[in-house]
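Please read them with the structure open.

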Amino acid sequence: MNNFEEELHLILESKKECMIDIRRYLHAHPELSFKEQKTAKYIAEFYQELDCKVEENVGGYGVVVEIDSGKPGKNVALRADFDALPIQEETGLPFASEIPGVMHACGHDAHTAYMLILAESLIEMKNRLNGKITILHQPAEETPPGGAIQMIQDGCLQGVDHVLGCHVMSGFDLGTVYYHAGATQTGRATFKLKIQGKGSHGSMPNAGIDAVLVGSQIVVNLQSIVSRRVNPFDMTTLTVGSFDGKGSANVLKDAVFLEGDIRMMNEASRSTVKEAFEAVVKGVCEAYGASFELDYVDDYPVLMNDPDLTGFVANCLKEHPFTELKNVIDSGPIAPSEDFAYYCQERPSCFFYIGATGEGQTAYPHHHPKFDIDEASMLIAAKSMATIVSGYFSQET
């Protein structure tokens, strides 16, 4: 560990309680995607008296902070998201959400807290660096089209060479950092489908077109797409998560509504699934004389971690361990989707994971009403990113 890294870690340790206080304040005051006005203001005001450049309202409520050493060199961006979810919190924490039906159930409060303290500490030591660090405080990760693509369109990556990000993970061991090169998180598409039949009395089904029957046939046939149309080595899922067909027992339903999503680990599967999906819906509806309205939306791409940068990240952490870091391992692919993938399309990037469940703790999954993290994971996130940033700039000639 070099002197810069060691001093940075000591500064972060001294601010651990402040980091926790920030996280708890944000946890109690969550805001949904595209509605994070107060959170964005809180973030911008944090930097008000610090020696850095702050740009607000980037791609919506995004906040971009430039830490400029005043010396030539590379520019690495560090990203943290800050939106919450439409979930009623059930943790019973003393700092639980004060907003009914809104909760930080994915750890974005922790991401923001660790990043604010890390950025503040890097600003204090920026004269020891060569180049720039760009902090990307991103809104709306949870809801398509997502905040990343809008911030990119608004120029947040101008002059940036690489992008780094991390996510605290429930169910992953506290003290372990996880990484994976290449295809790391799934791409996604979503659909909303209305099946229009013809209502009729249940005793006279011949006089109607049973939308429930048509919808059921579509659901069954959709399940053959992944098993018969997609390369079995390309992980893909197709889920019909909602089938709204409630009605009376003796009535043929006039219309039903289906919603769901598709995930894939290979972008080549995207077009295959979409083409087959549309063919199934059209074919079944034609067979029964029904009509349909389909809203099929491709959104987040497969998250592709740059192999070279990911190898560098892993080696930095393995070669420069710190007290709280017990292990650094390859996680393999992660099933959920993540709009950090858009940064990966624009610059060589790496998104990695911080274990956030301590020994003996109950690990509720992300997006669960009782989701929580061990707050010690935030210091591990901050120190991990500090170690990587130190290595990133020390490799320059």
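**Notes on the sheet and its helices**

1. Strand 6 (residues 176–179) and strand 15 pair in the parallel sense over four bridges, where strands pair if DSSP finds at least two bridges between them, and where helices (H or I, at least four residues) and strands (E, at least two) are DSSP runs numbered from the N terminus. Within this pairing, threonine 176 has asparagine 327 of strand 15 as its bridge partner.

2. On the basis of the coordinates, this is a predicted model, in which local features need pLDDT of at least 70 and side-chain atom pairs count only at pLDDT 80 or more, while totals for chains, interfaces and linings use all residues. Residues are numbered from 1 along each chain as its sequence is written, and side-chain values use heavy atoms, with hydrogens and water left out.

3. The pairing above belongs to an open sheet of eight strands, ordered 1-2-4-3-5-16-6-15 with mixed pairing. Its edge strands, each pairing on one side only, are strand 1 (53–58) and strand 15 (327–330). From one strand to the next the twist averages 25 degrees.

4. Helix 4 (residues 108–124) packs on this sheet, touching strand 2 (62–68), strand 3 (75–81), strand 4 (132–138) and strand 5 (162–173); contact here means heavy atoms within 4.5 Å. The direction of helix 4 makes about 145 degrees with that of strand 3, axes being lines fitted to C-alpha atoms (for helices over the stretch in contact) and angles running from 0 to 180 degrees between N-to-C directions.

5. The axes of helix 1 (residues 3–14) and helix 4 come within 10 Å and cross at roughly 130 degrees. That makes helix 1 oblique to helix 4, since angles under 35 degrees count as roughly parallel, over 145 as roughly antiparallel, 65 to 115 as roughly perpendicular and the rest as oblique. Among the residues making the contact are Phe4 and Leu8 of helix 1 and Ile117 and Leu118 of helix 4. By class, this contact of helix 1 with helix 4 has seven nonpolar, one polar and one charged residues, with Ala, Val, Leu, Ile, Met, Phe, Trp, Tyr, Cys and Pro counted as nonpolar, Asp, Glu, Lys and Arg as charged, and the others, Gly among them, as polar.

6. For helix 2 (residues 16–28), the axis comes within 8 Å of that of helix 4, and the two cross at roughly 145 degrees. The contact includes Ile22 and Leu26 of helix 2 and Ala113 and Ile117 of helix 4, and its residues divide into nine nonpolar, two polar and two charged.
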